[in-house]
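Me: I am new to this structure and would like to learn how to read it. Please take one feature at a time, with the general idea before the case.

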Amino acid sequence: MEKSNKAHILVVDDEEKIRALIRKYAEFEGYRVSEAADGMEAVLSVRKQDFDLVILDVMMPELDGFAACREIKKEKDIPVLMLSARGEEYDKLLGFELKADDYVVKPFSPRELLMRVAAILRRSGKSPLPREQLTFDGLTIDAAGRIVYADGQRLELSPKVYELLWYFVNNRGIALTREQLISAVWGYDFFGDDRTLDTHIKLLRNSLGPYRRFIVTLRGVGYRFEG
């Protein structure tokens, strides 16, 4: 996958944990992510680089999100999704008056946030996922359609099994711990046990047939995709 085929998102928040959380989920969905810690840094980044969307927190030092949104829209016609711990109608209306494309109140679901990101990018004509297919011998993954083929036959994968496979191929060649896989596919707040991962690994391997060999077990560590 070439970087140029991925939508480029700028995540702006003065809380490093929030930026890291959004980055993890956005990269998992196939986006390219840059970060800024305050509104001023965001405006400077927009002047220097091209982005397909900006996720912008409201309450920040240096330059708050509303002021940053105003300046960003002056610079370039980029979709902006506002984040705020305040859900008052006045704040939302102000955001939309500044031509923000959406407004999400904290605390938020990362998956819902990424659904809104995808919707904005579709409206703006940007592709949220790489368009080309990934092929490993006879195994083909259509990223945009979330479709997997083995020797030309379409595989019926549950959403979680597909997400597990997608995380593997996006991190191919890298040793992944069980904790990393659970956090990436089920979320950082998952309260289940390891048997959930074991079950989905087994389902994925069974679905892949001869291409199950790509998922290698690393004793005492986790797994690695070798395609």
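Reply: We can start with a pair of helices. A crossing is called left-handed if the near helix is turned anticlockwise from the far one by less than a right angle, and right-handed if clockwise. Here α6 passes α7 in a right-handed crossing. The contact (heavy atoms within 4.5 Å) is made by Lys160, Glu163, Leu164, Tyr167 and Phe168 of α6 and by Gln180, Leu181, Ala184, Val185 and Trp186 of α7. By class this contact has 7 nonpolar, 1 polar and 2 charged residues. Ala, Val, Leu, Ile, Met, Phe, Trp, Tyr, Cys and Pro count as nonpolar, Asp, Glu, Lys and Arg as charged, and the others, Gly among them, as polar.

Me: Before going on, what kind of model is this, and how are the residues numbered?

Reply: This is a predicted model, in which local features need pLDDT of at least 70 and side-chain atom pairs count only at pLDDT 80 or more, while totals for chains, interfaces and linings use all residues. Residues are numbered from 1 along each chain as its sequence is written, and side-chain values use heavy atoms, with hydrogens and water left out.

Me: At what angle do α6 and α7 pack?

Reply: Axes are lines fitted to C-alpha atoms, for helices over the stretch in contact, and angles run from 0 to 180 degrees between N-to-C directions. Helix α6 (residues 159–170) and helix α7 (residues 178–186) pack at about 125°, and their axes are 10 Å apart. That makes α6 oblique to α7. Angles under 35 degrees count as roughly parallel, over 145 as roughly antiparallel, 65 to 115 as roughly perpendicular and the rest as oblique.

Me: How do α2 and α3 pack?

Reply: Helix α2 (residues 39–48) and helix α3 (residues 65–75) pack at an angle of about 10°, with axes 9 Å apart. That makes α2 roughly parallel to α3. Gly39, Ala42, Val43, Val46 and Arg47 of α2 meet Ala68, Glu71, Ile72 and Glu75 of α3. These residues divide into 5 nonpolar, 1 polar and 3 charged.

Me: How many helices and strands does the protein chain have?

Reply: Helices (H or I, at least four residues) and strands (E, at least two) are DSSP runs, numbered from the N terminus. The protein chain comes to 8 helices and 12 strands. Of the contacts in the chain with a separation of 6 or more, 59% are between residues 24 or more positions apart.

Me: How should I read buried and exposed?

Reply: Buried means under 20% relative accessible area, exposed over 50%, and partly exposed in between, with a 1.4 Å probe and protein chains only. Of the 227 residues of the protein chain, 50% count as buried. Leu81 is found in strand β4 and counts as buried, at 0% relative accessibility. Beyond its neighbours within four places in sequence, Leu81 is in contact with residues including Val54, Asp102, Leu113 and Ile120. The C-alpha atoms of Leu81 and Ile120 are separated by 8.5 Å, and the two are 39 residues apart along the chain. In helix α2 is Ser45, which is buried with a relative accessible area of 13%. Thr199, in helix α8 (residues 194–208), is partly exposed at 44%.

Me: Which residues of α5 are buried?

Reply: They are Pro110, Leu113, Leu114, Val117, Ala118, Ala119, Ile120 and Leu121. What covers them includes β1 (8–12), α1 (16–28), β3 (53–57), β4 (80–84) and β5 (102–105). As for length, the expected span of a helix is 1.5 Å times one less than its number of residues. Helix α5 (residues 110–123) has 14 residues and reaches 20 Å from its first C-alpha to its last, close to the 20 Å expected.

Me: What should I look for in the backbone?

Reply: Most residues other than glycine have a negative phi, and most peptide bonds are trans. Glu62 has a positive phi of about 70° although it is not a glycine. Glu62 lies in the loop between β3 and α3 and counts as exposed at 65% relative accessibility. Asp137 has a positive phi of about 55°, is found in the loop between β6 (133–136) and β7 (139–142), and is exposed at 56%.

Me: Which peptide bond is cis?

Reply: The bond from Lys106 to Pro107 is cis, with omega near -10°. Pro107 lies in the loop between β5 and α5.
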